[in-house]
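Hi everyone, thanks for making time.

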Amino acid sequence: MEKRIHVNGIEVLEQGQGDDTVVMIHGWPDTHRLWDRQVEALQANHRCIRFTLPGYDRAHVRRMYDLQALIDQIAAIVDAVSPDKPVTLLIHDWGCVFGYQYYLRHSSRVKRIVAVDIGDAGSRDHEIPTKAKLFIAGYQLWLATAWNIGGGIGDAMTRKMASILKAPGEPASIHSGMTYSYWWKWSHTLTKKPLGVLPLKVECPLLFIYGADKKVTFHSRKWEAEMAAKAGNRVEAFPTGHWVMAEEPERFTNLVVEWLGADDAKSVEPAPETDAEPA
């Protein structure tokens, strides 16, 4: 069964059934279609909620969305699709940035998180070699420039970088309207204005999956170890690049389904029997 609603002008697609609601948030330069394989596998037992981030659809108004605007949009969608129960977040790339920041401000609305390839990026513990820093600055400033140029040139710049980074999205769907977050980040960084990002502290159950075969890792080893050590959490490295779900879709999807199912089973385990004799 498929249902579509609109929340603040953003189309939200609901598929599946079950007590658990999984809200899926993609990143650059993707759309809600990034999660097709996961919805197919999860919808028998989960309500799958997808939407394309504001500005990422060509039909959206091309404008700047800052962090608070995106947190507010996620909050409105979560409240619309699951007003009485916390949700599971399935997040990737910029979707992790926005999803984590939503969680940090609305922790009671999040049951657990499946995060892909982005952890405590930018934290004090996240050490990045100089070569990797130059790589990050290079592609992000290119995309920030594409946002400012816009039009056909900006779109071409965006598609070119997506191709270089081996993004799996359809080239026709990729445009400079998707790159506002890079301008938001770098315009603040270069002028030394605070981004308003809260330090990442995940207290709910977490499945963290990341690609180990890439030029830069977007989390610290300390954070990875801390997350892996927490009961109920799981951390898995895949021999892939940034888009783990596209490069190893079957293994990725199976792991997500397995972990969600194990966590669900644990939450309904009966209380252990006691040996106490009746009075």
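Let me start with a term: I say that a charge sits over a ring if NZ of Lys or CZ of Arg is within 6 Å of the ring centre and within 35 degrees of the ring normal. Keep in mind that this is a predicted model. With that in hand, go to Arg251: its charged end sits over the ring of Phe238, 3.8 Å from the ring centre. Arg62 does likewise with Trp147, its charged end lying over the ring at 4.1 Å from the centre.

The structure has 11 aromatic pairs. One of them joins Trp28 and Tyr182 edge-to-face, with 6.0 Å between centres and 90 degrees between planes. Trp28 is in the loop between strand E3 (20-25) and helix H1 (36-42), while Tyr182 belongs to helix H6 (residues 180-190), so this contact ties together parts 154 residues apart in sequence. How buried are the two partners, by relative accessible area? Trp28 comes out at 1% and Tyr182 at 2%, and both count as buried because the cut-off is under 20%.

Helix H6 also brings in Tyr180, which pairs with Tyr65 from the loop between strand E4 (46-51) and helix H2 (67-81), 115 residues away. The Tyr65 and Tyr180 ring centres are 5.2 Å apart and the planes meet at 50 degrees, so we call that pair tilted. Both of these tyrosines are buried too.

One last thing to click on, folks: Trp28 and Tyr182 belong to a cluster linked by ring pairs, together with Trp94, Phe98, Phe135, Tyr139 and Trp184.

Key:
Residues numbered from 1 in each chain as written. Predicted model: local features only at pLDDT ≥ 70, side-chain atom pairs only at ≥ 80, totals over all residues. Heavy atoms only, no water. Phe/Tyr/Trp six-rings, centres within 6.5 Å; stacked < 30°, edge-to-face > 60°. Helix = DSSP H or I, 4+ residues; strand = E, 2+ residues; numbered from the N terminus. Buried < 20%, exposed > 50% of the residue type's maximum accessible area, 1.4 Å probe, protein only.
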